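Here is a briefing for a first look. Please view the sequence and the structure below before reading on.

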Amino acid sequence: MSINGINSLPPLQPLAEVTHRSLPDQATGAAEASSAADSFGGLVRGAVEALDRTQREAEQEIARAVAGESPDLHRTIIALQTADLSFQLALQVRNKLIGAYEEIMRMQV
Amino acid sequence: VRFREKAMPLLTVFQLSSQGMTAQRERLEAAASNLANANTTRATGGGIYRRRDVVFETVAIEPAPSSFGLSGSPLPQLATPEDSWSSTPVPSQGVRATTLLAEGEGIKRYEPQHPDADAQGYVTMPEVDPLEETVNMLSAARSFEANATAFSTAKEMMRASLKLGEG
């Protein structure tokens, strides 16, 4: 008696390929038509980039303050607070997204 | 913050408060410089020490499109007598301080023993009124505090908004 090797199983298809094929043509057309900024991915990317920018600005301000280049201490603190608030906002958005995803995954099919 | 010229609408208050605090810092700097040189009789490059005066001017703050890929939030609108709900957006105005050098010949004081006295025994002193500078200093400190309070309030409001999403 022989056992089939695991390799004989069909290889996993990339997810994108599957969704692409299973979606009706109209839906893919609509998805492509929407610009990158309007898409969900674009939205997330924009948010992450904005977050990254505030973090980098805060870093630069701290470096300037420590180097003694900045005469305004409040600007450093404001940069820090801005970075913190932006991060909190991103965190909230992320929490909501993960929550919605988990909710969907729990659904009985 | 080397705030980008165009701030996120969300952070306009931060930028305004930051500019206000910077302006008050410059004002305090001018007052401190004047007080330090109240009795100065020799200035670099000859002549006398010239009093520093600080003037404030408005700076336009242009709201940038939101970086979240959505259209920016509408600007607050001010009511006018003619049209109680004017549709013209009224952008916030930032502030910038510029330090000017006061013109003037200085005050001549009769002090013949002073090393810098002229042939007639007069010493030229800067036109600095310590009392006035002290008042400026206090005013700058209070205005700085007011700006800091505005910043804290904006921060608290944002924190309260973020709390709405909890739970």
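Ala43(B) is partly exposed, with a relative accessible area of 22%. Partly exposed lies between buried, under 20% relative accessible area, and exposed, over 50% (1.4 Å probe, protein chains only). This is a predicted model: local features need pLDDT of at least 70, side-chain atom pairs count only at pLDDT 80 or more, and totals for chains, interfaces and linings use all residues. Residues are numbered from 1 along each chain as its sequence is written, chains are lettered from A and ligands numbered from 1 in the order in which they are written, and side-chain values use heavy atoms, leaving out hydrogens and water.

**Around Ala43(B)**

- Ala43(B) sits in the loop between α1 and β2 (52-60) of chain B. Helices (H or I, at least four residues) and strands (E, at least two) are DSSP runs, numbered from the N terminus.
- Leaving aside neighbours within four places in sequence, Ala43(B) is in contact with Ile48(B) and Tyr49(B). Contact means heavy atoms within 4.5 Å.
- Pro126(B) is 83 residues from Ala43(B) along the chain, yet their C-alpha atoms are separated by 9.9 Å.

**Chain A overall**

- Chain A has four helices and zero strands. Along the sequence they give the pattern α-α-α-α.
- Chain A has 109 residues, and 21% of them count as buried.
- Chain A exposes about 8,400 Å², with 62% supplied by carbon and sulfur atoms. Such areas come from the Shrake-Rupley method with a 1.4 Å probe; for residues, only the protein chains shown count as cover.

**Helix α4 of chain A**

- Helix α4 of chain A covers residues 73-105, which is 33 residues. From first C-alpha to last, this helix reaches 48 Å, close to the 48 Å expected at 1.5 Å a residue. The expected span is 1.5 Å times one less than the number of residues.
- Buried residues in α4(A) include His74(A), Arg75(A), Ile78(A), Leu85(A) and Gln92(A).
- Their cover includes α3 (40-66) of chain A, together with α1 (12-36) and α2 (130-164) of chain B.
- Arg94(A) is also found in helix α4 of chain A. At 45% relative accessibility, Arg94(A) counts as partly exposed.
- Arg94(A) and Val44(A) are 50 residues apart in sequence and 9.3 Å apart in space, C-alpha to C-alpha.

**Where the chains meet**

- α4(A) and α2(B) pack at an angle of about 10°, with their axes 10 Å apart. That makes α4(A) roughly parallel to α2(B), a term for angles under 35 degrees. Axes are lines fitted to C-alpha atoms, for helices over the stretch in contact, and angles run from 0 to 180 degrees between N-to-C directions.
- Residues making this contact include Ile78(A), Leu85(A) and Leu89(A) of α4(A), and Phe144(B), Phe151(B) and Met158(B) of α2(B).
- Thr22(B) lies in helix α1 of chain B. At 12% relative accessibility, Thr22(B) counts as buried.
- Not counting residues up to four places away in sequence, Thr22(B) touches Asp72(A), His74(A) and Arg75(A).

**The largest nonpolar core**

- Nine residues make up the largest nonpolar core, among them Ile78(A), Leu85(A), Phe14(B), Met21(B) and Met158(B). α4 of chain A and both α1 and α2 of chain B each supply at least two of its residues. The largest share, four residues, comes from α2(B).
- A nonpolar core is a set of buried Ala, Val, Leu, Ile, Met, Phe, Trp, Tyr and Cys residues joined through side-chain atoms within 4.5 Å.
- Met158(B) is in contact with Leu85(A), Leu10(B) and Phe14(B), leaving aside neighbours within four places in sequence.

How values were computed. Parallel < 35°, antiparallel > 145°, perpendicular 65-115°, else oblique.
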